[in-house]
Amino acid sequence: MTLNREYLKEVFLKGPLGLTVISVVLGFVVGAVVLLIAGFNPIEAYMAILRGIFSKPKYMSYVIIYATPLIMTGLSVAFALRTGLFNIGAEGQFIVGAMVAAMAGYFIHLPMLLHVPVCILLAASAASVWGGLAGYIKARFGVHEVISTIMLNWIALYLSNWSVTLKSFGKQGTGKSYVIQETARVDLFGQWKITEAGIDFIRSHRFWGDILKSPVNVGIIFAIILAFVMWYILNKTTLGYELRAVGYNPHAAEYGGINVNRSIITSMVISGAFAGTAGALQVMGVSHRIAKLAAMEGYGFDGIAVSLIGNNTGIGSVFAGVLFGALKYGGSKIQDAVGAPTEVINIVVGTIILFIAMPKLIRMILQARNKKG
Amino acid sequence: MKKLSVVLTVLACCAMFLAAGPVSAKKFKVAMVTDVGGVNDQSFNQSAWEGHKRAKDELGVKIAYKESKQDADYAPNMETLTDAGYDLIWGIGFLMGDAIKNTALINPDQKYAIIDFAYGDETPKNVGCAVFQEEQPSFLVGYIAGKMTKTNKVGFVGGIKFPLIEKFEYGYMAGVKLANPDCEVLSQYAESFTDAAKGKAIANNMYQQNADIVFHASGGVGDGVIEAAKEKGKWAIGVDKDQNFLAPDNVLTSAMKRVDNAVFDMIRQMTEGKFKGGQAVVYNLSNDGVGIAPTSSKHVPKAILDEVDALVAKIKGGQITVPATKKEYDAFVK
Amino acid sequence: MNSIDFSHKAVEMVDVVKKFGDFTANDRINLTVHKGEVHALLGENGAGKTTLMNVLYGLYQPTEGAVRINGKPLSVKDPNVAIKNGIGMVHQHFMLVEPFTVTQNIILGNETTKMLGMIDIKKAESEIAALSERYGLAVDPKAVIQDLSVGAQQRVEILKTLYRGAQILILDEPTAVLTPQEIQELVGIIHNLTREGKSIIIITHKLKEIKQVADFCTIIRRGKHIDTVEVDQVTEEDLASKMVGREVSFKVEKDPQPQGDRILEIRDLVVEDSRGIPAVNGLNLDLYKGEILGIAGVDGNGQTELIEALTGLRPAKSGQALVREKEITNLTPGKIIQQHGISHIPEDRQKRGLIFEFDIAENLILENYATEAFSKGFTLDFKRIYRNADQLIEKFDIRPQNSKLAAKALSGGNQQKMIIAREVANDPDILIAAQPTRGLDVGAIEYVHKALVDQRNQGKAVLLISFELDEVINVSDRIAVIYEGKIVGIIDAHDADEKEIGLMMAGGTA
């Protein structure tokens, strides 16, 4: 018993898990203080969030749907970070992936079993090019990837907006593209849902009908597979060995005969593919089309937070993505439920990240408590 | 002391009960989903919320809003409000067209309404649509601009090139040409509804090209346009709301699109049991759905305003049909 | 013997214990330093010397025991308290802001201000100039740090402690980064300091320097106090065996061996340094099988660039390097390692030689991870990787014997053993060893030298680059002296005369 407790204490004090949990708790505490100052009852607000996440099967389904793209952009950022690169460009790679998936889903006619993989593959490849470009610019000209990916984000945004103005692709006057073929969709029962039989089913079955009200799709399965793929590449393959070596110490990697420049490009290509897949699945599973963007939607930027909260690991990104999805979806419910601004949720998330970035502080708090106890 | 407070509390409760009791048998609840602009966009989301607030004050309905941060939020936000049991749920902006339709089909007993979007024959029975003839107020401010320009050059800044925004553009251009056939109109789109810096850059560029009045139909981008006018000492023309308060000496007039009136109107009809589902209601000069800002008289000479009034009468009477598309505009100027 | 005032105990550390969790870094250590005394603290890497000094300097709190300064009990809670009580520390890695001037660095955090908070730089400059003169430090207060040599930077660090009123100076491995000339200068400075009544504690594992400069020496082994001796009364061998805990041999044992075939040929090689200045400037050299060729020279005469060019880490501007008549200049490091059989023990082992975060097993395959020995197709074969690691750990006595331990958890000596194990396991034809014993203790040095001689005895060619002339003379069969990017002379190690080589290293003719 004592041994077990010692072990737990060790994991908690030294490992990243305890740090993350404490940071999350502190994030909510700070959020509560902000709510109090703004004149809202934090308990009521947090209850509204919990109700907004757990009170209906549909809500939980939505949390998963919100989490899906964030997990994948999180993986994208985490993969790059593990290899020593800071991919701010997941946002742009997401946009490119979404655009190409929408095009492939609309223009190409194939049976479903082929169409879905073709769309994902094309989207991931295009986003790979987008990410790889930043890698190439760094390898060839020494331009820091943070700068180049920020630029590429804007280029992606405007490229996507421009594509919607094309007569053959954009539905004139709506600011949206045409919807993709049904064979390219990965959501479940999407068409059947709005037939009379579907509406009847939804109205007569409480649990499944409720879940079907949300755009349930298989994206989450892809996200979990990708998390595994990331873990496998990094930890089990020679490529992963190279990339990690370069990430940890490029000088030693060069000394050992690893081509550092090639590794930088490869890493950005893979990172881009992850973000592109996120964009593709968002189109194929949820939106079925792309729309003109008035501003960055933040999938890639949220991915940075997901990656940090998830300690840059595959499995960590999955859990952090779900947490983030829940905060994003459930958190917005305090707006109509208690009238509090949703910005509070952003403050909570920001605080969590701030605390995670300050492991020393958390350890001090933990150890101080330990001393007393 | 304690006794006193108890008595006071009881009294207060009684008073509230008495006050609230007889006014309405049923308290209606109305909510709206904003588009990505958010509720404080100085533009039509805010205007819609003002309509709600007026409904709260005058009709005693309970109101709430929910902001969308991205495209994918529309559907879940609709779902959330549907679950919360509101009597009427608004979608602010045509971007929400699909989301409202899908939710409305699955929840046929719930009433919805949407701004700036019409489904034509496919309008679900439980959805009311409010659309505007934005070209009409644009035409009027265009006329004012054409009359008042000293350089024979005016500008137009659009948000994103949607047909909705083009209604502003061509209405405005037609007004300018009617007032002053020699006047040139510079026109540019910012490809954004939020990027104020870009609006400022575009407006500055237009002023440098010697335009002296710039009209914008671009949401948050317009903040930059108005700022540029203020810095350069030129004229800007506001949109949607009376934007004179943003720069009292530089906002000449505003093409008002009374989203607040439309929202209030439909909420009132709903509380009276006369909800108009399954169709689109057109708001224009005839039903005070659009117009020019009341502050126009500050800077626009009375003579010109009189001419504008005459134009309003003609439009209402059908003698003038204001162009809303490029095709109609080309026919109009011929 | 310095002028020691035995009546004045400047530092007393009594039964100091410092524990990190279950690990006892210092176990009842006693240390007394008098006024005007130079006291050496000797021990292997990881013996607990630096921990003890960090306790004195206030960076760590002792678990047990007492510290007295000038007879007064003192609880040194942080370095500020230490500084106030006249303790100054010069770390092994300098803590200077490179683009700042000497004065700016010295007054950093301790600025004297004029009216309105303006820094009185003039006053500080003159004070620093006076201090510099008094102790013979020869530092220009207006010079910018990045323009100074390593030795001068160290003197700036010493000045910094003096400026803050230090009476007791702790020097952590002060000679590790210095050239032989600079070491001599440092010895002079230390004498100047003690003459003025300062007490000095030197952390080191270089026996020669202890003999040269210290009055007393305290030896620590595995956290325990072994002995405190008067330096004049003991030999270097005595000190070494106390430190390591067994007899140590300084003489590198090697039998004469006939020179084999030529394997490496360097012709008119020119290599530029990072600033674009030719650091290797028309260098010619031949290396034969079965010999250790030592390159002697003062740091900064092109050694680093030469090695980097030979290993593919830096492009050669012109000239050639041929292995078995095949050109290797400007090939990638991978090709040079895999196809031309060159192994390389790098000069900066932490920057080039290992990856801190990788475990021992992963570090041991840095060059061969993609070969059939450790991978199947795209995937790594962890069974073989860890079996390989266990074998090498056993064979090369890497401690702790845990292949899953991250490299950063190893001591410097064991890190070096790990690198040597990897490079030797490659079974190279040529082994380039750059400063292979830098920062290592006597026991580890002995080990490294043996490994090099082993390679030579197996008929491999070994190129040894070292700034320690003793080492070059001791280990090599032939000695090439490098000066300003050229080989200025080649001498048979049997006939080597330290003075003659020293002269050549300084640019004089033999």
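In chain B, helices α6(B) and α11(B) are roughly parallel to each other, a description that applies to angles under 35 degrees, with those over 145 counted as roughly antiparallel, 65 to 115 as roughly perpendicular and the rest as oblique. The model is a predicted one, in which local features need a pLDDT of at least 70 and side-chain atom pairs count only at pLDDT 80 or more, while totals for chains, interfaces and linings use all residues. Residues are numbered from 1 along each chain as its sequence is written, and chains are lettered from A and ligands numbered from 1 in the order in which they are written.

Helix α6 (residues 163–179) of chain B packs against helix α11 (residues 326–333) of chain B at an angle of about 10°, and their axes lie 10 Å apart; axes are lines fitted to C-alpha atoms, for helices over the stretch in contact, and angles run from 0 to 180 degrees between N-to-C directions. Helices (H or I, at least four residues) and strands (E, at least two) are DSSP runs numbered from the N terminus. On the α6(B) side, Y170(B), M173(B), A174(B) and K177(B) meet K326(B), E328(B), Y329(B), F332(B) and V333(B) of α11(B), where contact requires that the C-beta atoms of two residues, placed from the backbone, lie within 7 Å. Divided by class, this contact has 6 nonpolar, no polar and 3 charged residues, with Ala, Val, Leu, Ile, Met, Phe, Trp, Tyr, Cys and Pro counted as nonpolar, Asp, Glu, Lys and Arg as charged, and the others, Gly among them, as polar.

Chain B also contains an open sheet of 6 strands with parallel pairing, in the order β2-β1-β3-β4-β5-β11; two strands pair if DSSP finds at least two bridges between them. The edge strands β2 (62–66) and β11 (279–283) of chain B each pair on one side only, and neighbouring strands of the sheet are turned by 20° against each other on average, direction ignored. Strand β1 (residues 29–33) of chain B is joined to β2(B) in the parallel sense over 5 bridges, with M32(B) standing opposite Y65(B) in β2(B). Helix α4 (residues 97–106) of chain B packs on this sheet, where it touches β3 (88–91), β4 (111–115) and β5 (127–132) of chain B, and its direction makes about 170° with that of β4(B).

The domain assignment of chain B, whose bounds come from an automatic or database source, gives domain 1 (25–132 + 259–287) and domain 2 (135–255 + 301–333). The centres of these two domains, taken over C-alpha atoms, are separated by 28 Å, and each domain contributes 12 residues to the contact between them. The side of domain 1 of chain B that touches domain 2 of chain B has 4 nonpolar, 6 polar and 2 charged residues.

Towards chain A, 26 residues of chain B are in contact with 26 residues of chain A. On the chain B side, β2, α3 (74–83) and α4 each supply at least two residues, and the largest share, 6 residues, comes from α3(B).

Chain B averages a pLDDT (the predictor's confidence in each residue, from 0 to 100) of 87, and 92% of the residues score at least 70. Within chain B, confidence is lowest in helix α1 (residues 2–23), at a mean of 46, and highest in strand β6 (residues 153–158), at 95.
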